[in-house]
Amino acid sequence: MADPQGFLKHTRELPGKRAVEERLADWQELYVPMAEEKTIQQAARCMDCGVPFCHSGCPLGNIIPEFNDAVYEEDWQLAWQILSETNNFPEFTGRICPAPCETACVLGINQPPVAIEHIEKSIAEEAYRRGYARPNPPSSRTGKKVAVIGSGPAGLAAAAQLNKAGHTVTVYERNTRIGGLLRYGIPDFKLEKNVIDRRLALMEAEGIRFEVNANVGANVDAKQLVRESDAVVLAGGSTVPRDIPSKGRDLAGIHFAMDFLEQNNKRVAGDDQSNVPEIHAKGKNVVVIGGGDTGADCVGTSNRHGAKTVTQIEIMEMPPMERDPFTWPNWPLILRTSTSHEEGCEREFAVLTEEFLGDENGHLRAIRVVNIRWGRDQTGRNTFVKIEGSEREIPCELLLIAAGFMHPQHEGLLTELGVGLDNYRNVAASPEHNYQTSVPKVFAAGDMRRGQSLVVWAIAEGRECARSVDAYLMGGVSSLESRDVG
Ligand code: FAD
């Protein structure tokens with residue numbers, strides 16, 4: 001390491017954020033750029049720890065100490081090269097990853113960990129600014145045709161890797177633009193869409209074809225696509241939302257989070273939304289059920305709409321991480337504080353929704369909730385009891401259900417192909433079976449296979465799946481890198 005004592009000289013520092021009132025007035029990203037020399041100081045905090053657990057903490061196996069070192073040496077091109085070897089899209093993960101690498105950072109045992117996510121974003125931004133991020137098409141083509149179904153991070157990573165191996169790749173997307181949840185789930189204040197577009201321009205220049213409005217299993221014949229391809233990757237995501245089937249569920253004013261977020265992202269992008277009934281939070285008391293990323297994005301979006309109040313309720317207890325963000329090892333990264341919570345939001349944990357209450361016009365006016373206490377029953381299973389006397393109503397005219405996703409949509413693509421499912425009703429295609437589904441030459445990756453997860457896992461699965469597809473097409477041996485976390 002260039003400065004083995006850097007962690008003794010510099011404390012952890014992250015980029016500043018725009019003032020809350022300023023950022024609530026637009027949809028732009030909320031972080032302000034950090035001076036280059038400050039980012040270099042942050043890279044200097046990476047110590048010569050001997051066993052870099054960050055490396056294995058990252059699902060992609062990012063070689064973090066090496067790129068930190070390159071940043072410290074101000075060699076941004078080398079840093080970009082090292083990072084791009086393991087991560088196809090550091091400009092996405094550098095913005096929205098919950099950074100399990102930081103949780104695994106050895107420095108984190110007795111100091112705040114190295115600001116790895118910020119350094120990763122800085123490397124990507126410098127690479128685009130300095131022109132190191134360039135199309136890198138394969139030198140020759142294999143003549144094999146691969147169809148990737150779904151254009152979220154899993155499909156895009158699989159496409160990038162398979163194209164790199166020389167196969168001819170077409171990505172089919174049923175929505176009007178490419179990007180999956182990066183485009184239509186995650187709001188611009190976390191990930192501006194020009195960040196996706198500039199990557200797509202590189203991928204197109206490398207030879208990848210994109211077809212939008214192509215719903216495979218509906219307006220594109222799935223069996224024919226399989227017949228005409230040498231291999232197919234299913235990367236359709238986990239799209240069936242978990243409902244809250246409490247009494248009053250059919251009242252007007254209750255929506256799934258993705259219906260709210262997707263139309264808002266489209267509106268921000270200037271897409272025509274006239275055929276979709278508008279869901280807007282302006283002047284309303286909003287309740288968001290669900291404490292994860294989707295819920296937090298509903299909070300940030302509602303506040304930008306001008307909601308009167310925003311309350312986010314979660315059935316689970318407050319994780320210890322919320323009290324001490326750098327506990328090590330850490331609580332699962334599903335419930336976490338996001339920048340949206342700083343913008344105005346009541347947050348309540350261990351709260352059960354009992355009933356949705358309507359007015360005389362059949363519109364939601366409040367929800368009835370009760371506090372609960374978690375414990376274990378005699379068999380050791382998690383269970384809860386209601387806390388007597390804690391029942392209450394929360395006024396609410398707009399309720400957004402962000403309670404997670406159960407599994408991929410089965411009708412259409414999956415039923416037409418007759419793909420086998422696992423016990424969670426996701427596509428069965430385990431890493432042990434090389435991401436192969438029950439249907440010959442059809443593979444699967446990302447949330448469609450592993451269930452709802454994270455962008456970093458989607459990219460990791462897309463890469464690993466592509467490697468299996470490449471080996472399948474090339475007689476058992478792949479030219480693509482494998483995740484090696486040593
Ligand atoms: P998706 O991103 O879901 O993409 C699947 C794509 O396939 C979609 O575009 C869909 O339209 C398309 N498709 C489906 N079926 C067909 C078909 N038959 N034909 C053609 N196309 C089809 N993770 C993080 O790490 N950080 C975050 O901050 C974060 N925030 C999130 C916020 C929200 C609101 C949500 C919902 C999720 C968030 N996640 C976050 C999770 C993350 O977005 C997902 O884990 C990830 O996008 C999964 O990638 P994927 O490629 O498997 O699927």
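Two strands are said to pair if DSSP finds at least two bridges between them, and that is the sense in which pairing is used throughout this briefing on a predicted model. The chain has 486 residues, and its secondary structure comes to 19 helices and 16 strands.

**The chain as a whole**

- For 486 residues, a compact globule would have a radius of gyration near 23 Å, and because the chain has 23 Å, its value agrees with that expectation.
- Taken along the principal axes, the box that the C-alpha atoms fill is roughly 70 × 60 × 55 Å.
- Buried residues account for 46% of the 486 residues in the chain.
- Where contacts join residues at least 6 apart in sequence, 70% of them link residues that are at least 24 apart.

- An unreviewed UniProt entry places the feature "domain: Dihydroprymidine dehydrogenase" at residues 25-130.
- Over residues 25-130 the chain is 58% helix and 0% strand, with the end C-alpha atoms lying 31 Å apart.
- Helix H3, which covers residues 36-44, has Thr39, Ile40, Gln41, Gln42, Ala43 and Ala44 as buried residues.
- The partners against which the buried residues of H3 pack are helix H1 (6-9), helix H5 (64-72) and helix H9 (116-130).

**Strand S11 and its partners**

- Strand S11 (residues 364-376) pairs with strand S10 (residues 351-358) in the antiparallel sense, and seven bridges join the two strands.
- Within this pairing, Phe356 stands opposite Ile367 in S11.
- The hairpin of S10 and S11 has five residues between the strands, and in that hairpin Gly362 takes a positive phi near 75°.
- S11 also pairs in the antiparallel sense with strand S12 (residues 382-386), here over five bridges, and Arg376 has Asn382 in S12 as its bridge partner.
- In the hairpin of S11 and S12, which likewise has five residues between the strands, the residue Gly380 takes a positive phi near 90°.
- With strand S13 (residues 392-395), S11 forms an antiparallel pairing over four bridges, in which the bridge partner of Arg368 is Glu393 in S13.
- As a general point about such elements, the side chains in a regular strand alternate between the two faces of the sheet.

Note on methods: Residues are numbered from 1 along each chain as its sequence is written. This is a predicted model: local features need pLDDT of at least 70, side-chain atom pairs count only at pLDDT 80 or more; totals for chains, interfaces and linings use all residues. UniProt positions are given in the numbering used here, feature names are shortened, and annotations may be inferred rather than shown by experiment. A residue is buried if 20 or more other C-beta atoms lie within 10 Å of its own, exposed if 12 or fewer, and partly exposed in between; C-beta atoms are placed from the backbone. Two residues are in contact if their C-beta atoms, placed from the backbone, lie within 7 Å. The radius of gyration is taken over C-alpha atoms; the globule rule is 2.2 Å times the number of residues to the power 0.38.
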